[in-house]
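Please consult the sequence and the structure alongside the text.

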Amino acid sequence: MTGEALIVLENVNKWFGPLHVLQDVDLSVARGEVVVVIGPSGSGKSTLCRAINRLEPIDSGSITFDGRKLPAEGRALARLRSEVGMVFQSFNLFAHKTILQNVMLGPVKVRGEKPAAARERAMSLLERVGIASQADKFPAQLSGGQQQRVAIARALAMQPKALLFDEPTSALDPEMVGEVLDVMTSLAKDGMTMVVVTHEMGFARHAAHRVVFMADGQLVEQASPAEFFANPKSDRAKDFLSKILTH
Ligand SMILES: Nc1ncnc2c1ncn2[C@@H]1O[C@H](COP(=O)(O)OP(=O)(O)OP(=O)(O)O)[C@@H](O)[C@H]1O
Ligand SMILES: [Mg+2]
């Protein structure tokens with residue numbers, strides 16, 4: 001972590017009709033920092049991620065990425081999207097393309113990279129996430145955990161400056177959660193800037209630099225994982241933790 005901010009949200013507000021889904025959100029994520037966002041269902045965690053990637057417009061406030069204000073549209077927005085990778089709960093792989101094609105597609109189509117070079121990098125990324133041997137299969141032939149690792153390789157193929165994860169393991173059978181978290185932990189160790197929405201408190205404890213607790217559209221508290229889990233300050237966080245940690 002360098003201390004230099006990569007993602008900065010200032011006074012961000014967003015409404016869905018009457019619902020004030022992001023309320024005066026201030027959040028700064030340093031280069032190389034891993035921030036885990038937790039909070040009850042409906043608190044605005046996905047909306048926060050989507051706003052950072054500009055999949056959702058905000059109503060007021062500002063979001064800057066790497067020193068630049070988020071572009072509203074056009075080519076600048078496309079560039080920003082390729083600088084911020086996103087991994088969702090549903091892997092969203094192209095069903096009729098092979099694993100290798102899924103990972104090569106962005107670099108070739110969006111970045112205009114030469115197929116040979118894109119293929120080589122895609123293979124080394126598949127190696128990194130432990131599924132190079134599956135490169136010629138189709139997504140449906142892989143387990144959920146393997147598909148999610150392909151989705152991570154695909155995001156990495158665009159050489160993003162940051163990765164956003166929105167509940168990347170929530171759709172997985174329990175025995176596959178670990179293999180995806182291992183890949184994420186290794187990315188964190190390598191210095192990738194990551195914002196991770198997850199219910200995996202083990203990951204939060206071991207891989208996060210900071211835990212942010214959200215409730216009702218507000219960032220209620222943030223602290224190091226050690227401090228947050230040992231000594232949550234707000235009643236909402238205490239209540240949330242007592243519910244999830246007893247399951
Ligand atoms: N496109 C939309 N239109 C209207 N309301 C929406 C929309 N997307 C989300 N909401 C509402 O905004 C609130 C926050 O939703 P969001 O998905 O960000 O919560 P979350 O913290 O990610 O919840 P979960 O843990 O269930 O994924 C919820 O009340 C949700 O119903
Ligand atoms: Mg969500």
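Two strands are taken to pair if DSSP finds at least two bridges between them; helices (H or I, at least four residues) and strands (E, at least two) are DSSP runs numbered from the N terminus. This is a predicted model, in which local features need pLDDT of at least 70. Residues are numbered from 1 along each chain as its sequence is written.

An open sheet is formed by 4 strands in the order β2-β1-β4-β5, with antiparallel pairing. Its edge strands, β2 (19-30) and β5 (68-69), each pair on one side only. Helix α1 (residues 45-52) packs on this sheet and touches β1, β2 and β4 (contact: heavy atoms within 4.5 Å). The direction of α1 makes about 60 degrees with that of β2, where axes are lines fitted to C-alpha atoms, for helices over the stretch in contact, and angles run from 0 to 180 degrees between N-to-C directions.

| Pair | Bridges | Opposite residues |
|---|---|---|
| β1 (residues 5-16) and β4 (residues 60-65) | 5 bridges | Leu 9 and Ile 63 |
| β4 and β5 | 2 bridges | Thr 64 and Lys 69 |

β4 and β5 also form a hairpin with 2 residues between them. In its turn, Asp 66 has a positive phi of about 50 degrees.

Methods. Chains are lettered from A and ligands numbered from 1 in the order in which they are written. This is a predicted model: local features need pLDDT of at least 70, side-chain atom pairs count only at pLDDT 80 or more; totals for chains, interfaces and linings use all residues. Side-chain values use heavy atoms; hydrogens and water are left out.
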